Amino acid sequence: MLRRLLRLRALMSDARGEQLTRAEREQLEAELADLEGPKRRAVVEAIATARGHGDLSENFEYHAAKNEQGLLERRIAILSSRLQHEDEAAASGVVTVGATVDLEREDGEVMTVDVSSVGGVSPESPVGRAILGRAEGEEVEVEAPRGAWRARIVSIRRSA
């Protein structure tokens, strides 16, 4: 039981300020479903079993189960909030991680980039930094190692 408490505390502390990739989002959604379903039922059963042992004031199992319930509910709240924030960011019409962006460079070249920490343009790259948080039609300046260049964001879309 103590091991589960420590694991829940570690999970609670991993909330990050950056945006999610599709794989990270799917992982959080799966974790949320597990926490709201089987894990929540298990904690409720543990509390009910501990209550059956009598006096609650000195019942360690009861207090441990209630503490675990509090940690579980806090993690559920964190995950729900994080996923809601991601939905709002995606609906905002600005470039976020997971977006596919069409750029038209000042020299007329059109390029399509996928903003992703894995397998695309990194949010920390010069292009990623220039376009994150920007809206369709905005002009951006990319400070690249080979020199600065300008582009206009033609379209932003999210993969389903």
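The legends below describe close-up views of a predicted model.

Local features in this predicted model need pLDDT of at least 70 and side-chain atom pairs count only at pLDDT 80 or more, whereas totals for chains, interfaces and linings use all residues. Residues are numbered from 1 along each chain as its sequence is written, and side-chain values use heavy atoms, with hydrogens and water left out.

**View 1**
Helices (H or I, at least four residues) and strands (E, at least two) are DSSP runs numbered from the N terminus, and along the sequence they follow the pattern α-α-α-β-β-α-β-β. Of the 160 residues, 32% count as buried, where buried means under 20% relative accessible area, exposed means over 50%, and partly exposed lies in between (1.4 Å probe, protein chains only). The accessible surface comes to about 9700 Å², of which 51% belongs to carbon and sulfur atoms; such areas come from the Shrake-Rupley method with a 1.4 Å probe, and for residues only the protein chains shown count as cover. Among contacts between residues at least 6 apart in sequence, 56% join residues at least 24 apart, a contact being heavy atoms within 4.5 Å.

**View 2. Helix α2, residues 22–51, with its kink at lysine 39.**
The 30 residues of α2 reach 42 Å from the first C-alpha to the last, close to the 44 Å expected at 1.5 Å a residue, the expected span being 1.5 Å times one less than the number of residues. A kink of about 35° is centred on lysine 39; the bend at a residue is the angle between axes fitted to the seven residues ending there and the seven starting there. The buried residues of α2 are Leu28, Glu31, Leu32, Leu35, Gly37, Val43, Ile47 and Ala50.

**View 3. The open sheet of 4 strands, in the order β2-β1-β4-β3.**
The pairing in this sheet is antiparallel, and its edge strands, β2 (110–114) and β3, each pair on one side only. Neighbouring strands are turned by 40° against each other on average, direction ignored; the axes behind this value are lines fitted to C-alpha atoms, for helices over the stretch in contact, and angles run from 0 to 180 degrees between N-to-C directions. Two strands are taken to pair if DSSP finds at least two bridges between them.

**View 4. Strand β1, residues 99–105, between its partners β4 and β2.**
Strand β1 is joined to the antiparallel strand β4 (residues 147–158) by 7 bridges; leucine 103 stands opposite isoleucine 153 in β4, and arginine 105 has alanine 151 as its bridge partner there. Another 5 bridges join β1 to β2, also antiparallel, with glutamate 104 opposite valine 110 in β2. These two strands form a hairpin with 4 residues between them, and in its turn glycine 108 has a positive phi of about 95°. Because 5 of its 7 residues are buried, β1 is largely enclosed by the rest of the structure.

**View 5. The hairpin of β3 and β4.**
Strand β3 (residues 139–144) pairs with β4 in the antiparallel sense over 6 bridges, and 2 residues join the two strands in a hairpin. Alanine 144 stands opposite glycine 147, and valine 140 stands opposite alanine 151.

**View 6. Tryptophan 149 in strand β4.**
Tryptophan 149 counts as buried because its relative accessibility is 12%. Leaving aside residues up to four places away in sequence, tryptophan 149 touches Arg105, Glu106, Met111, Val127, Val140, Glu141, Val142 and Ala144. Aspartate 107 is 42 residues from tryptophan 149 in sequence, while their C-alpha atoms are 9.2 Å apart in space.

**View 7. Glycine 137 in the loop between α4 (126–131) and β3.**
With a relative accessibility of 43%, glycine 137 counts as partly exposed. Glycine 137 touches Arg152 and Ile153, again not counting residues up to four places away in sequence. Its C-alpha atom is separated by 9.7 Å from that of alanine 151, which is 14 residues apart from glycine 137 along the chain.
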